[in-house]
Amino acid sequence: MGHGMGHGETIPSATQRGIFDCDDAYRTPTSGDYRRLFEAATVVLDTNVLLNLYRSNERTRTDTFAVLKQLQERLWIPHQVLSEFWKNRDLPSVRGHHRAKARTACSALDKALRSLNDGIERWLKDVLLDTDDAAKGKINGHRDRIHRSLEEMKRFIEAQAENDALEGTGATHTDPVLMQLEPLLLGRIGEPMSSDEHVEAVAEAKARADTSTPPGYEDFSSKPDEQAAGDYIIWKQIIVKASAAGRDVLLVTGDVKEDWWTLRTGSTPARPRPELRNELRKEAGVELYMMTPSQLLAEASGAFELKVDERSVNDLASREGIEAVIFPPILKEAILTSFEAAHTRALAAHEATGLKARSPYSVVMDQVLNEELTSNILSAGGEALDVNGRTYALFEGLLLVPLRAGTRLASTRIMSSRRVQALAEFLNPAQEELDFGTIRRDQMLPIIVTYTSSPENGVGSAEANTGKFIEDGRFRILHRAQLR
């Protein structure tokens, strides 16, 4: 794999062309190629590389920092990556990753035990053994052993979570990840776009998405334009940096989607989309290479003679392909399933009364949607939380608050509703008794699910607004996800 063409170099003539001198051609990188890139390329880190430092266990985190320190002189971070890092850092799925996953696992074990007990009791009654002391004694002996085993498993899971969880992340001056990133990236972060440049870039990203031009076009199907344009803004900032530096680019990203990569097929490894390689070559005169965080650790281990644990490589590989902003698919499925069930129940109430102007549809929809959502989340291993006498679903630190908006979404009015304000007071960090079961109030992140529905048309538009309450009680939206 040769070096990228520098500024001023000419394209090979027809007589000089070889089999790889074609826009669609590619060479499979070797370890030697990566060694050269580690020494001479601009190594760009995507947002998920930084956020995974919180999600990783101590071993993987230590190995990742060891590699990044070896690459320090080559590292560069687009300003959009920095912006996304700070927006996402406070998500429970990032800073609270290990405890959230442990809570979900333990909730699933509790559910399994309840299901086991219910099944046993039903069987005893069905076969008329519920009054047979000998049979019940035999069953209870097995049940007690299973219960003890599950309790031991839960204690192990909780202890492992505490061992892997990072302490001190609540304040930036005690956050161990920030304390290592700050000197590592000092002077290696790009400039932000001006307001006019940003507006133009969002418009360009939208236009490219309409023709499925990479990168980032997939995001426009589920996110607002401003948020969906993030990948393209990162790409544009990379092009500007590459043009100025005149060095090949090695982009390290765990975002393994087809709007960045030509995906792996059989034994053929994934590689950058040819459109991206050609665009960087045309705009900056250099070559684009890409690798995942797990590949980075594996290749750097040999290049720098580091003792990177193979388990660290596997840990990062298991996360690749997951969005930096985690809105677990199980949540979307639970919300959409709840919409359908709630509409069916509300429609039945509407039809039973025969009323139109004073139909009970909206009141019933509001009530039963919350019931359905809480039930579905409990079944998925989540929890139920009472706020001012109203029960909400809680999953991995994400607090789901459904709000109906009539026939059209009106976000400003909804976000200032009494229900949302009551939630702001409940989650206020200044409140005493912050503990709720195994999660603190100040570690919860609300997802306000706004939707429209009517008896005639069912559930129309719906979006999940993930955010946090700021000091004056206003709700600051960090991310929006279109659900329908």
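User: In what sense do β7 and strand β8 pair, and over how many bridges?
Analyst: Two strands pair if DSSP finds at least two bridges between them. Here β7 and β8 (residues 390-395) pair in the antiparallel sense, over five bridges. Strands are DSSP runs of E, at least two residues long, and helices are runs of H or I, at least four long; both are numbered from the N terminus. One caution: this is a predicted model, where local features need pLDDT of at least 70, side-chain atom pairs count only at pLDDT 80 or more, and totals for chains, interfaces and linings use all residues. Residues are numbered from 1 along each chain as its sequence is written, and side-chain values use heavy atoms, with hydrogens and water left out.

User: What do β7 and β8 form, and which residue in the turn has a positive phi?
Analyst: They form a hairpin with two residues between the strands. In the turn, Asn-388 has a positive phi of about 55°. Val-387 faces Arg-390 of β8 across the pairing.

User: Which side chains of strand β7 are buried?
Analyst: Buried means under 20% relative accessible area, exposed means over 50%, and partly exposed is in between (1.4 Å probe, protein chains only). In β7 (residues 383-387) the side chains alternate. Glu-383, Leu-385 and Val-387 point to one face and are buried.

User: In what order do the strands of the open sheet lie?
Analyst: The four strands run β2-β1-β3-β6, with parallel pairing. The edge strands are β2 (75-76) and β6 (288-291), each pairing on one side only. Between β1 (residues 42-45) and β3 (residues 249-252), which run parallel, there are four bridges. Thr-42 sits opposite Val-249 in β3.

User: Now helices. What span should helix α8 have?
Analyst: The expected span is 1.5 Å times one less than the number of residues. Helix α8 (residues 195-210) has 16 residues and should span 22 Å; its end C-alpha atoms are 23 Å apart, which agrees.

User: Which residues of α8 are buried?
Analyst: An α-helix has 3.6 residues a turn, so residues three or four places apart point the same way. In α8 the buried set is Ala-201, Val-202, Ala-205, Arg-208 and Ala-209. Viewed down the axis of α8, they fall within an arc of 130°, so they line one face of the helix. That arc is taken over the directions from the helix axis to the C-beta atoms. On the other side, Asp-196, Val-199 and Asp-210 are exposed.

User: What do the buried residues of α8 pack against?
Analyst: Contact means heavy atoms within 4.5 Å. The buried residues of α8 pack against α9 (225-228), α10 (230-245) and α11 (274-284). After α8 comes Ser-212, with a positive phi near 55°.

User: Which residues of helix α4 are buried?
Analyst: In α4 (residues 79-88) they are Gln-80, Val-81, Glu-84, Phe-85 and Asn-88. Down the axis of α4 they fall within an arc of 140°, so they line one face of the helix.

User: How many aromatic pairs does the whole structure hold?
Analyst: Rings of Phe, Tyr and Trp (its six-membered ring) pair if their centres lie within 6.5 Å; planes under 30 degrees apart are stacked, over 60 edge-to-face, and the rest tilted. The search finds five pairs. One of them, Phe-38 with Phe-304, is stacked, at 5.6 Å centre to centre and 25° between the planes. Phe-38 lies in helix α1 (residues 31-40) and Phe-304 in the loop between α12 (293-303) and α13 (310-317), so the pair ties together parts 266 residues apart in sequence. Phe-38 is buried, at 4% relative accessible area. Phe-304 is partly exposed, at 22%.

User: How are the planes of Phe-85 and Trp-86 set?
Analyst: Their planes stand at 80° and their centres are 5.5 Å apart, so the pair is edge-to-face. Phe-85 is buried, at 3% relative accessible area. Trp-86 is partly exposed, at 41%. Ring pairs link Tyr-54, Phe-85 and Trp-86 into a cluster.

User: With which residues is Ala-334 in contact, leaving aside neighbours within four places in sequence?
Analyst: Leu-373, Asn-376 and Ile-377. Ala-334 is found in helix α14 (residues 329-353). Its relative accessible area is 8%, so Ala-334 is buried.

User: How many helices and strands does the chain have?
Analyst: It has 17 helices and 14 strands. Of its 484 residues, 46% count as buried.
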